[in-house]
Amino acid sequence: MNTHHQNHKPRSLVLTLVVAVALTSIGWAELTTDAAGELTIEGDNAVFMQEANRIEYSGNVVAVMDGMRITGDKVAVQMTDDRIQQIVTTGEPANFYQATAESGEATTASATTIVFLPQTSILELTGAAALRQAGNTVSSAEIRYDLALGKLVASGGETTSERVRMQLTLPSQSPNNEEAQP
Amino acid sequence: MSDLNASTKAALPLPLHGRRGLVFAGSLAALIFLFIPWFQNQQDTPTLALDNEREEALALQPSSTASGVTWQVFSQTGQLSYEISASKLQQFSNEQFATIVGPSIQVQDKELRPWQISAGQGKVSQGNQLSDQDDQIELFERVRITQAQRQNALGGISIETSKLSIYPNDKRAYTEESVIVKHPRFITRSNGLDLDLQTGTLRFIQGDITRVVSKLFLHEHSEDS
């Protein structure tokens, strides 16, 4: 009997994993079909506070738009009468992912707070912020990243003594170039 | 001893048909005794059944009907609590409820801005003030909630669902059915919501499987698109 039960456990685990992967794939497929200028947000719960013109999502929140994905524990969307002002994601940490069409490499980032400003396409990362792009990593208290231009500005932050750290991956030189050297 | 034997002997010579007669008579008496309540029920039941059926039939019959009605309900402080208009109303006094066709309901928020709530059909149940039980309006078919004043100011929402319960004195609307919430800047789909009609705060109910999914419009968006 025990053996019988033990045989079932791995099977059920594999089945669970397969189902989980399948569900994730379905969810992701649905989330990636957004039209330009539309951001899809999905969470376990949400509360819309009409007086504050603000909607808050919580529980495994995923925000997706144009090859960009932000995940976190909570997402707060602040709106004004005529536009979406900012989208604030918090988590331990919150994560950012952006596929880069030209190089095929992705830009990833993590921080305790990620603020997306849709009008300027700026991403503000604060609290143990780290951004990885083309093999290079930048760690800092605050990082501002321009999604449209793919450029970043890192600063030490006003309230912390944390300094900006950069880890660069130097491109390896080809043998032909070495031969050309005097 | 001899007398006893004599009496015993005297009893034995009773004829057999006499003893059978006694047993039969006793059995008959017992049967009649047992069946008395049944006979009584046989006499009473048809009348009772008819009465019950008549009461049920009467309960199913509306005590009053009306067409094109509007009525207002005021709170204890004299403020308008809510207003209901319907193309048809049937009141069932015994059951303390009324059914309404094509209802249109107005409930004011704390700034006295009205919510407009419409549906295909509805049922209005009277609450009990002594037990603090609120009135309840249950709406079915194409339920839609809007707040025109807020929508004109670009901050309003409209909600569509198939079933909604409104507690007008508590200023609360609740459903567990699938809902679509439209706002100038987003469209949200989920299952179940709890709306505070005073403040406009809307909570999507957490389900075991269902997630809240919103599509946000970062640029200008037409609701028709």
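Tutor: Gladly; we will take a few descriptions and set each one against its definition. Please keep in mind that this is a predicted model.

Student: What makes E12(B) a largely enclosed strand?

Tutor: A residue is called buried if 20 or more other C-beta atoms lie within 10 Å of its own. Five of the six residues of E12(B) are buried, so the strand is largely enclosed by the rest of the structure.

Student: How do you know that strand E1 of chain A and E12(B) pair?

Tutor: Pairing requires that DSSP finds at least two bridges between the strands. Strand E1, residues 38–43 of chain A, is joined to E12(B) by six bridges, so the two count as paired, and they run antiparallel. Within this pairing, Thr40(A) has Lys215(B) as its bridge partner.

Student: Which strand of chain B is joined to E12(B), and by how many bridges?

Tutor: That is E10(B), with four bridges in the antiparallel sense. Here Phe186(B) stands opposite Leu216(B) of E12(B).

Student: Why do strand E2 of chain A and E11(B) count as paired?

Tutor: The requirement is again at least two bridges. Strand E2, residues 45–49 of chain A, has three bridges with E11(B), so they meet it, in the antiparallel sense. Val47(A) stands opposite Arg203(B) in E11(B).

Student: How many residues of chain B are in contact with chain A?

Tutor: Contact means that the C-beta atoms of two residues lie within 7 Å. By that test, 23 residues of chain B are in contact with 24 residues of chain A. Strands E10 (186–196), E11 (202–204) and E12 (212–217) of chain B each supply at least two residues to the side that touches chain A. The largest share, six residues, comes from E12(B). By kind, the residues on this side of chain B are 11 nonpolar, eight polar and four charged.

Student: What is the confidence in chain A?

Tutor: Its pLDDT averages 77, and 67% of the residues score at least 70. Over residues 1–33 of chain A the pLDDT is below 50, and this stretch has five contacts beyond near neighbours in sequence. Residues 178–182 of chain A also have a pLDDT below 50, with one such contact in the model.

Student: And how many helices and strands does chain A have?

Tutor: Chain A has two helices and 10 strands. From the N terminus on, its elements run α-β-β-β-β-β-β-β-β-β-β-α. Of the 182 residues of chain A, 24% count as buried.

Note on methods
Residues are numbered from 1 along each chain as its sequence is written. Chains are lettered from A and ligands numbered from 1 in the order in which they are written. This is a predicted model: local features need pLDDT of at least 70, side-chain atom pairs count only at pLDDT 80 or more; totals for chains, interfaces and linings use all residues. Ala, Val, Leu, Ile, Met, Phe, Trp, Tyr, Cys and Pro count as nonpolar, Asp, Glu, Lys and Arg as charged, and the others, Gly among them, as polar. A residue is buried if 20 or more other C-beta atoms lie within 10 Å of its own, exposed if 12 or fewer, and partly exposed in between; C-beta atoms are placed from the backbone. pLDDT is the predictor's confidence in each residue, from 0 to 100.
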